[in-house]
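Dear colleague,

Please find the structure below, together with a summary of what was found in it. I would be grateful if you could read the notes alongside the coordinates.

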Amino acid sequence: MSGYRKGRELIVKRFLYVSRRPPHGTIYGHEGLEVIFTGAVFDQMVTVLFLDDGVYQLVKDQDPGALGFKNYALGFRALNELGVQAICASRDDLTARGLSREDLLVDALLLSSFEITDLMENQDTILSF
Amino acid sequence: MVFGLVVNEGPYQHQASDTAYNFARAVIGMGHSIIRVFFYHDGVYNGTRLVVPPQDDRAVTERWSEFAETHQVDLVLCVAAAHRRGILDESERQRNGKDAENLAAGFRISGIGQLVEAAILADRMVVFGD
């Protein structure tokens, strides 16, 4: 990607993708991941954040094959290699759902609500699915 | 200011498309510009030409088509989302061996890259959805 310029400067923005819904019941998580993958080639600064029921997308050993659904969440493992800076999840939302770091299929950064606010305030663009 | 809009829900099912349309009109009315309106998830249903709007209710797709023409705004349906939901232009119709295309006037079909590009170039991205 040669990139976009403002004058002679290459534009590099801080992108945050937020996921708030659980996997499989609706397509938002799956199609959301497709945007993250595509966006990864644009050389921007990308962070992905899971909130509310979105934390369920990170749970390991999902087996939607019995329903004929794609196990798209395995794709989250490729994000670091694609240049995504961090995969974050709300610590409070995990705890409220009886989940901990050990239940997750990626090594996510667990954030408090203050840290999430801080993260969001420091973005140029937030896209939510 | 340059705005980019994202519409994630289909017409009538959800108010997202209506709110986005009213917001888009306000953006132009206040002298700002819109780099692109990107339709994703069920939002691609806003772009089918085969809509028969109810007589006593608003014509969501037609409104967008008119808005696009009047103000030269770029309306883009995501190709992957459109494939899943059966919205095709002539090129996609041929490429996938289908017997019809159904894209509404004023819309075009393109990749997710157009969403990311809009987000890079716009001053503000506003997402309309559930």
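**Contact between the chains**

The contact takes 16 residues from chain A and 14 residues from chain B, where two residues are in contact if their C-beta atoms, placed from the backbone, lie within 7 Å. On the side of chain B that touches chain A, the elements giving two or more residues are helix 3 (79–85), helix 5 (113–121) and strand 5 (124–128) of chain B. Helices (H or I, at least four residues) and strands (E, at least two) are DSSP runs, numbered from the N terminus. Helix 5 of chain B gives the most to this side, with 6 residues. By class, the side of chain B that touches chain A has 12 nonpolar, 2 polar and no charged residues; Ala, Val, Leu, Ile, Met, Phe, Trp, Tyr, Cys and Pro count as nonpolar, Asp, Glu, Lys and Arg as charged, and the others, Gly among them, as polar.

**Basis of the model**

This is a predicted model, in which local features need pLDDT of at least 70 and side-chain atom pairs count only at pLDDT 80 or more, while totals for chains, interfaces and linings use all residues. Residues are numbered from 1 along each chain as its sequence is written, and chains are lettered from A and ligands numbered from 1 in the order in which they are written.

**Chain A**

Chain A has 3 helices and 7 strands, and its elements run β-β-β-α-β-β-α-β-α-β from the N terminus on. An open sheet is formed by 5 strands of chain A in the order 6-5-4-3-7, with parallel pairing; two strands pair if DSSP finds at least two bridges between them. Its edge strands, each pairing on one side only, are strand 6 (109–111) and strand 7 (125–128) of chain A. Strand 6 of chain A pairs with strand 5 (residues 86–90) of chain A in the parallel sense over 3 bridges. Within strand 6 of chain A, A:Leu110 is the bridge partner of A:Ala89.

Helix 1 (residues 28–39) of chain A packs on the sheet and touches strand 3 (14–19), strand 4 (45–50) and strand 7 of chain A. The direction of helix 1 makes about 165° with that of strand 3 of chain A; axes are lines fitted to C-alpha atoms, for helices over the stretch in contact, and angles run from 0 to 180 degrees between N-to-C directions.

The C-alpha atoms of chain A fill a box of roughly 50 × 35 × 25 Å, taken along the principal axes.

Yours sincerely
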